[in-house]
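Here is a walk through a two-chain model, with the sequence and coordinates shown first. Have them open as you read.

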Amino acid sequence: MTNRSRSFRVPDKPSLDGIEAKWVDVWDESGVYHFDRTKSRDEIFSIDTPPPTVSGTLHIGHVFSYTHTDTVARFQRMRGKSVFYPMGWDDNGLPTERRVQNYYGVRCDPSIAYDPDFSPPAKPDPKKPLSISRGNFIELCDRLTVEDEKVFEHIWRRLGLSVDWRYTYATIDDDSRRVAQRAFLRNLARGEAYMSEAPTLWDVTFRTAVAQAELEDRERPGAYHRIAFHRTDGDSGTGGGTVQIETSRPELLPACVALVAHPDDERYAGLFGRTVRTPVFGVEVPVKAHHMADPEKGTGIAMICTFGDVTDVTWWRELQLETRPVVGWDGRVVTEPPQGVDSEEGRAAYGRLAGATVHTARERMVEMLRESGELLGEPMPITHPVKFYEKGDKPLEIVTTRQCTSATAAATPVSATPCWPEAGSSPGTPRTCGPVTRTGSRGSTATG
Amino acid sequence: MRPRYENWVEGLNGDWLISRQRFFGVPFPVWYPLDADGNPRYGTPIVPDEAALPVDPSSEAPAGYTEDRRGLPGGFIGDPDVMDTWATSSLTPQIAGGWERDDDLFQRVFPMDVRPQGQDIIRTWLFSTVVRSHFEHGGLPWHRATISGFILDPDRKKMSKSRGNVVTPIDLLEKYSSDAIRYWAASGRLGTDTALDEGQMKVGRRLSIKILNASKFALSVAGDEASEDPRTVTEPLDRAMLAALADVVEEATTAFDDFDHTRALERAERFFWEFCDDYLELVKARAYDTGSEGSASARAALLIALSTLNRLFAPFLPFVADEVWSWWREGSVHGASWPEATELRTAAQGGDPGVLAATSEVLRAIRKAKSEAKLSMRADVEHVVARGKNVESARVARGDIAAAGRASTLDFEITGDSELRVEVTLPEAAG
């Protein structure tokens, strides 16, 4: 109690008016939140502050959660810890690109050469975006994020976050790029990252690959189409020489590489190892057994296409099937028919799909199946979960591209268990929050 | 929360694809040589020296090549892709901590103490940060992760941009004050979804104003000549108040150690209101009677309590706390030390919190009687009798009760009753 003032200086009318502006300045000048880096590790409390995405506006949810952290930072500081409380800005990535596109009315075209005298349109029209070079586009991203970061910092200071503003970073700045590239190169050198040509979940709007963690299922209307494949073994004992399957994606028929049923499904036991011919295109494909085939679903036997969904990828890989990709990066049916679609009729039928969007191709395929009599009954409307990129509005397709991948599935420390309060525990119940421990690694192999 | 992480890890069926065919991101630091026909030899990528980082393979040539060989047979091409944004943000502990840039800093802050984050990015940010640290350092990036809940709109629906029910924070900060918004935020526990409740913000604003006004009052009652020496605190009621405050400090400290900021705030807040409503009222007459030993005791206790409360509120209401602190102390409250329960217990010198509770109860009974009779709180009381097993706890503060309640005679009868019963006799209505 030695830091008492000589005399009390109490204002006549204490008030909250202007209190933030006054103290934000005082704290900034006094450096009371400065991290003392001469302290040793056990005298330090360090915080891995979440870098907010600066492309949007700050949300009251940010204020909520950042306040929680700030109370702990302040408590630890008063406890005598030197608190390392940095602030980052997450400004790299799609959200910034989209904001720049809308804000300046531009789009990036990497084939255009850099224009050193470029200035953005005076009257941006996001509906008619101006194509600009990659270099110019990135300059606009840098320019806008700097502005956005100022707004964020102002709000954080006003909220009273006790951040040490000497320690800030942006996820696109030189140092972040250096760290990200260095860590990647080391992953690559140690075999933890690899490059490969592989089927990839693909967003056709953003034309980019999407990771498993960015997926979400959305319920979408669709229809099951019952379609007849033809037996090639001359045995007309079952179903008049046809094998019936149900599919919600008939437009992928030219991409069909096999039929699959469960190994215990007696209805199809006689077909395993034999072949069938696809409707309309007349391509001969094998009939395979796989435990992931669901006897309860549809007729119990399904077509495998490259690629309708992630299960197709698994089957394709594990059963070592042909590759007949038909959907391109733009979400349209590619011009050239895949290998295997060789007959004149097949190529003519494919010509009716080429260049069409997936949606249109589906309608045309159904027409062709009706004409050939290979559509059995009417399509049965359903609602089913479809995979979307969380930021996208068209269903994901699966295309084959060259990609860099991190071997996480093989190496993830599954027992790394960061600790947090259990959701739903009743208010007032004490929560435990002990240190994290890691006790082992998972041994499964990478399959991606 | 924790099972969400475990389920995600257990359910992984593929590796993490990090290439993105976009522009504003960190480029892959990789080039490919072109063979004599101009085809890329993907199997033998060219990578830069770490010292050359960061590089942009779309605009820079790899070592051993000149830019004019780009795209030509026998030349090279740059990898056109950028990394998934999580491939960078999974390295925030390394970026912020100065990994390979400032080794001295890095060894002082890494692994970090805490990773605060939202529950919606457990499978992305939390998971990928663990993976990168596991690869690079063979250990975890932090000791703890604290996971916040979502904010729900007043109808308890999740707020999101797509729902269009987002409220901008700056309007609320200006309307209620920053401390008020922080009060609302701190009322939400970790991992618990919380409604956007302007009612709570109003409560926070009222608390902030009350702290300003009550502190001003307490300082004026104590006066700047008052001693803060704990040995000056001699009266049982003052010691009782400090003992009760020691309990509060202890609970708030334990709560904070468990990352339960809400409980720390609740305890401080509850004590503060009782301190204002009861203790301040009980002791002000005695404190004003300067020159007496009882006055010095009350004034010292007031200042010790005020200093403690200032510091207990500092993490939650940093503006108000520093404002009050600046009226009577040097430096910032945010550079001051967290209150110690043991110090307060020493100052309380064996004080019994039961004395404060019992005394306050008698005062409240007197007030209630006046209020029911529709009398002013300043009205005189003829006679007060308190009965009960623990009536001694109130008797030791007889003078304070008499002054605060304006009671001319007070009697205390020990009975077997564990509950304290108070009988208040008001004067016959005049005229």
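## Chain A and its domains

Chain A splits into domain 1 (19-189) and domain 2 (216-393), with bounds taken from an automatic or database domain assignment. The C-alpha centres of these two domains of chain A sit 47 Å apart. This is a predicted model, where local features need pLDDT of at least 70 and side-chain atom pairs count only at pLDDT 80 or more, while totals for chains, interfaces and linings use all residues. Residues are numbered from 1 along each chain as its sequence is written, chains are lettered from A, and ligands are numbered from 1 in the order in which they are written.

Chain A carries 9 helices and 16 strands; helices (H or I, at least four residues) and strands (E, at least two) are DSSP runs, numbered from the N terminus. Of its 448 residues, 42% count as buried. Buried is used here for a residue with 20 or more other C-beta atoms within 10 Å of its own, exposed for 12 or fewer, and partly exposed for anything in between, with C-beta atoms placed from the backbone. Take the contacts in chain A between residues at least 6 apart in sequence: 71% of them join residues at least 24 apart. Two residues are in contact if their C-beta atoms, placed from the backbone, lie within 7 Å.

## Around α6 of chain A

Helix α6 (residues 310-318) of chain A has Asp312(A), Val313(A), Trp315(A) and Trp316(A) as its buried residues. They cover an arc of only 170° around the axis, so they end up on the same side of α6(A); the arc is that of the directions from the helix axis to the C-beta atoms.

Both flanks of this helix have something to look at. Thr306(A) and Phe307(A) are joined by a cis peptide bond, with omega about -5°, and Phe307(A) lies in the loop between β14 (301-305) and α6 of chain A. After α6(A) comes Gln320(A), a residue other than glycine with a positive phi, near 50°. Gln320(A) belongs to the loop between α6 and α7 (344-353) of chain A, and counts as exposed because it has 8 C-beta neighbours inside 10 Å. For context, most residues other than glycine have a negative phi, and most peptide bonds are trans.

## Chain B and its domains

Confidence first: chain B averages a pLDDT of 92, and 96% of the residues score at least 70. pLDDT is the predictor's confidence in each residue, from 0 to 100.

Chain B is divided into domain 1 (215-351) and domain 2 (354-425), and 25 Å separate their centres, taken over C-alpha atoms. Domain 1 of chain B puts 14 residues into the contact and domain 2 of chain B puts in 12 residues. On the domain 1 side, α9 (236-257) and α10 (261-288) of chain B each supply at least two residues, and α10(B) gives the most, with 8 residues.

## Around α16 of chain B

In helix α16 (residues 398-405) of chain B, the residues Asp400(B), Ile401(B), Ala404(B) and Gly405(B) are buried. Their arc around the axis is only 110°, which puts them on the same side of α16(B). The cover over these buried residues includes α9, α10, α14 (353-372), β10 (381-388), α15 (391-395) and β11 (407-414) of chain B.

## Where the chains meet

How many residues does each chain bring to the contact? Chain B brings 129 residues and chain A 119 residues. Helix α5 (residues 122-137) of chain B gives the most on the chain B side, with 9 residues. The predictor gives the complex an ipTM of 0.95 and a pTM of 0.80.

The largest nonpolar core has 230 residues, and Leu259(A), Ile304(A) and Leu242(B) have the most contacts inside it. Such a core is a set of buried Ala, Val, Leu, Ile, Met, Phe, Trp, Tyr and Cys residues joined through C-beta atoms within 7 Å. The largest share of this core, 13 residues, comes from α9(B). Leu259(A) touches residues including Phe229(A), Val243(A), Ile245(A) and Met303(A), leaving aside residues up to four places away in sequence.
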